[in-house]
Each structure stands twice: as structure tokens, then as C-alpha cells.
Amino acid sequence: MMEIIILLIGFLLFCLALLAIPVDLLFYLKKDETMEYRAELCILFGLLTIDMTKQDQKTEKSTSPKKKKREKKPHLPSWVESKRFIKRLMRLNMDLLHTLHIKELSMHWHIGLGDPADTGMILGILQPILLPWENATLSADFQEAVFEGYCKAHIRLFPIRIIGYILAFIFSGATLRMIKNSLIK
């Protein structure tokens, strides 16, 4: 009986040690008339690399006309009304963003939404986010709708921190209350 407990504890410690090893994500995206992308997941300090790129890499620009959707009054789930749950969900998003360590970021995008006011608003939101990186630029086209450019990133994350934040979110009081209230209804 004691050997089984020791084996279980050893297995759990081994799993925790594996989850503590950082995972690197190498990402490349280029968009002009076609879109190219490449993504690799490097595990165990690069000893194991998983190519996450599909074989049919280039996608053609869609030329089919879009169907107009009927406007309906949106039905909001009950959890949207819970301010505590929304705060906890926002906290989870911020915690997950803090687990990402951006080691390299190089990007240049040329953005235009067709309407100068909309283009200005989107640039006003995105430009401050890109201030810490020297190789990240956005340029605007206030005359026509355009979206083209490239992005190359090397991101490191620690799975054990992500799992910890997700477990803290799941077992928080706000989440448990929301689950309880949704099961009662």
C-alpha cells in the first residue's frame, strides 16, 4: 500500500516538473492578397518541435458576396449580469496575459477601415499597446479599407502558471455562485 502512495506522489511530482518547463511558441503571419502563416510549438527547450501549420498554407481571398444577417435582439446569458463574475473573468484574462513572455516581436501592419473616424479609433487603441516594442509599427490608410502586413513573434509561456490561474478561476466564489445559479434556473 505504501508503495502505491509513493508511486502516485512520484507521478504527480513528475507531472508538476513537466508542467514547470516553459513552452515556446514561434509564430509568423503575413497578409496581403493571400495569407501565409507558420506556427511551431517548442517543448522541452526545443528538443521537441510541433509544427502547427496546415499543409494548405495559402488561402485565397474570398470574393463571394456576403449574406445580410437579420438583426435580432441579442439574448444575453445570465452570467453576463453578474458583476463579480465579469470582474473575475477579466482578472483571469489579465493573469493569462501576464503569463506570456514575449521574447521577440516584429510586426508592421497597414490598416484602413474605409471610414477615417473608425480608422483613427482603432489606431488610438492599438498604438499604445505597441509602445514597448521598437519593431512594431502600425500605419493608417484613411481613404480605403485595407488590412495587410506581417507579424513575427516568439512567445514563452509556463503551463503550470496557466493551469494555476484557471483552477483559481474555476474555484473562485464568483464562478461557483454563477454555476450554482445557472443550475438552479
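A salt bridge is a side-chain nitrogen of Lys or Arg within 4 Å of a carboxyl oxygen of Asp or Glu. The legends below describe a predicted model, in which local features need pLDDT of at least 70, side-chain atom pairs count only at pLDDT 80 or more, and totals for chains, interfaces and linings use all residues. Residues are numbered from 1 along each chain as its sequence is written, and side-chain values use heavy atoms, with hydrogens and water left out.

**View 1. Salt bridges around Arg-38.** Asp-51 forms a salt bridge with Arg-38, with 3.6 Å between the closest N and O atoms. Asp-51 lies in strand 3 (residues 48-51) and Arg-38 in strand 2 (residues 35-43), so the pair ties together parts 13 residues apart in sequence. Strands (E, at least two residues) and helices (H or I, at least four) are DSSP runs, numbered from the N terminus. The side chains of Arg-38 and Glu-40 also meet in a salt bridge (2.7 Å, N to O). Shared partners join Arg-38, Glu-40 and Asp-51 into one network. Glu-40 counts as buried at 18% relative accessibility, while Arg-38 is partly exposed at 39%. Buried means under 20% relative accessible area, exposed over 50%, and partly exposed in between (1.4 Å probe, protein chains only).

View 2. Asp-95 and Arg-91 form a salt bridge, the closest N and O atoms being 3.5 Å apart. Asp-95 counts as buried, at 14% relative accessibility.

**View 3. The aromatic pairs.** A search of the whole structure finds two aromatic pairs. Rings of Phe, Tyr and Trp (its six-membered ring) pair if their centres lie within 6.5 Å; planes under 30 degrees apart count as stacked, over 60 as edge-to-face and the rest as tilted. The rings of Phe-85 and Phe-169 have centres 5.7 Å apart and planes at 45°, so this pair is tilted. Phe-85 lies in helix 2 and Phe-169 in helix 4 (residues 159-170), so the pair ties together parts 84 residues apart in sequence. Both Phe-85 and Phe-169 are buried. Trp-109 and Phe-147 form a stacked pair, 4.9 Å centre to centre with 5° between the planes. Trp-109 is in strand 4 (residues 101-113) and Phe-147 in strand 6 (residues 145-157), 38 residues apart. Trp-109 is buried, with a relative accessible area of 7%, whereas Phe-147 is partly exposed, at 45%.
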